[in-house]
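Please look over the sequence and the structure below.

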Amino acid sequence: SDLNYASVVSNYASVISATALTFLSPKVLRVQNTQSTAGSALVDISGLALTVAAGETWEVEGLLMLSTSAATVGLKVGTSVPVLSLPRFIEFTRLSAGQSAGIIGGGGLMQVSGTSQFLSAANAGGVIFGVRYAGVFNVASAGTFRIMYGGTASTAASPVHIMQGSYMKAIKI
């Protein structure tokens with residue numbers, strides 16, 4: 001009957017729509033609490049870890065809001081990745097706090113697996129500042145994609161802080 005056909009078509013459209021939304025909807029990950037490190041080794045940023053499956057390609061972008069206890073504290077940022085194939089590129093950019101004072105940036109190919117450092121700044125700034133990042137990668141083996149940070153030198157007196165509200169948007173493409 002026509003009524004049954006309309007019901008089947010309506011149900012099919014609902015399933016297709018829900019599937020498309022699940023596939024295309026971005027995942028938004030946020031830092032919930034201020035985190036600190038006084039070490040020079042890159043460490044995970046709690047809240048900015050994305051679980052990925054083999055065969056998926058992801059586009060990520062986000063903002064790290066940081067602060068340091070002294071203007072002369074250095075900062076490093078990078079990633080930790082499962083086994084990747086191509087593409088596997090990311091870039092990090094920090095605008096200076098002063099007008100027309102310049103940009104610090106770093107980026108390139110992420111390692112096939114493991115940890116990569118992409119940006120190192122000798123003087124982070126002391127006040128709250130942002131580091132933007134964007135990248136794309138294809139997953140060869142399931143695992144976790146992580147954004148990481150650290151200081152350029154170990155010092156308990158001058159830790160680097162990741163501020164609440166830092167985030168990552170990830171879209172499976």
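Arg 30 has Tyr 167 as its bridge partner in strand 12. Strand 12 (residues 167-172) runs antiparallel to strand 1 (residues 27-30), and four bridges join the two. Strands here are DSSP runs of E with at least two residues, helices are runs of H or I with at least four residues, and both are numbered from the N terminus. Two strands pair if DSSP finds at least two bridges between them.

This is a predicted model, in which local features need pLDDT of at least 70 and side-chain atom pairs count only at pLDDT 80 or more, while totals for chains, interfaces and linings use all residues. Residues are numbered from 1 along each chain as its sequence is written, and side-chain values use heavy atoms, with hydrogens and water left out.

**Strand 12 and strand 4**

- Strand 12 is also joined to strand 4, by six bridges, and these two strands run antiparallel.
- Tyr 167 in strand 12 stands opposite Leu 63.
- In a regular strand, side chains alternate between the two faces of the sheet.

**Whole chain**

- Read from the N terminus, the order of elements is α-β-β-β-β-β-β-β-β-β-β-β-β.
- Of the 173 residues in the chain, 37% are buried; buried means under 20% relative accessible area, exposed means over 50%, and partly exposed lies in between (1.4 Å probe, protein chains only).
- Among contacts between residues at least 6 apart in sequence, 83% join residues at least 24 apart; a contact means heavy atoms within 4.5 Å.
- The chain has an accessible surface of about 8900 Å², and 57% of this belongs to carbon and sulfur atoms. Accessible areas come from the Shrake-Rupley method with a 1.4 Å probe, and for residues only the protein chains shown count as cover.

**Salt bridges**

- Three salt bridges are found in a search of the whole structure; the criterion is a side-chain nitrogen of Lys or Arg within 4 Å of a carboxyl oxygen of Asp or Glu.
- Side chains of opposite charge can pair when their charged atoms come close.
- Asp 44 and Arg 146 meet through their side chains in a salt bridge, at 3.6 Å from N to O. Asp 44 is in strand 3 (residues 43-52) and Arg 146 is in strand 10 (residues 143-151), so this pair ties together parts that are 102 residues apart in sequence.
- Asp 44 is partly exposed at 38% relative accessibility, and Arg 146 is partly exposed at 27%.
- Lys 172 and Glu 56 form a salt bridge between their side chains, at 3.5 Å from N to O. This pair links distant parts of the chain, with Lys 172 in strand 12 and Glu 56 in the loop between strand 3 and strand 4, 116 residues apart.
- Lys 172 counts as partly exposed because its relative accessibility is 23%, whereas Glu 56 counts as buried because its relative accessible area is 16%.
- Glu 61 and Lys 169 form a salt bridge in which the closest N and O atoms are 3.0 Å apart. Glu 61 belongs to strand 4 and Lys 169 to strand 12, so the pair ties together parts that are 108 residues apart in sequence.
- Glu 61 is partly exposed, with 34% relative accessible area, and Lys 169 is partly exposed, with 32%.

**Thr 57**

- Thr 57 is found in strand 4 (residues 57-68) and counts as buried because its relative accessibility is 18%.
- The side chain of Thr 57 makes a polar contact of 2.6 Å with the side chain of Asn 138. A polar contact is a pair of N or O atoms within 3.5 Å; within protein, one must be able to donate a hydrogen and the other to accept it, and residues adjacent in sequence count only if both atoms are side-chain atoms.
- Apart from neighbours within four places in sequence, Thr 57 is in contact with Val 136, Phe 137, Asn 138, Ile 171, Lys 172 and Ile 173.

**Surface and loop**

- Leu 86, Phe 89 and Leu 109 form a nonpolar surface patch with about 310 Å² of accessible area together. Patches are made of residues with over 30% relative accessible area and no salt bridge; like charges are joined within 9 Å, and nonpolar side chains (Val, Leu, Ile, Met, Phe, Trp, Tyr) within 5 Å.
- Phe 89 is found in strand 6 (residues 84-95) and is partly exposed, with a relative accessible area of 37%.
- Ala 157 lies in the loop between strand 10 and strand 11 (160-162) and is exposed at 65% relative accessibility.
- The C-alpha atoms of Ala 157 and Ser 69 are separated by 7.9 Å, and the two residues are 88 residues apart along the chain.
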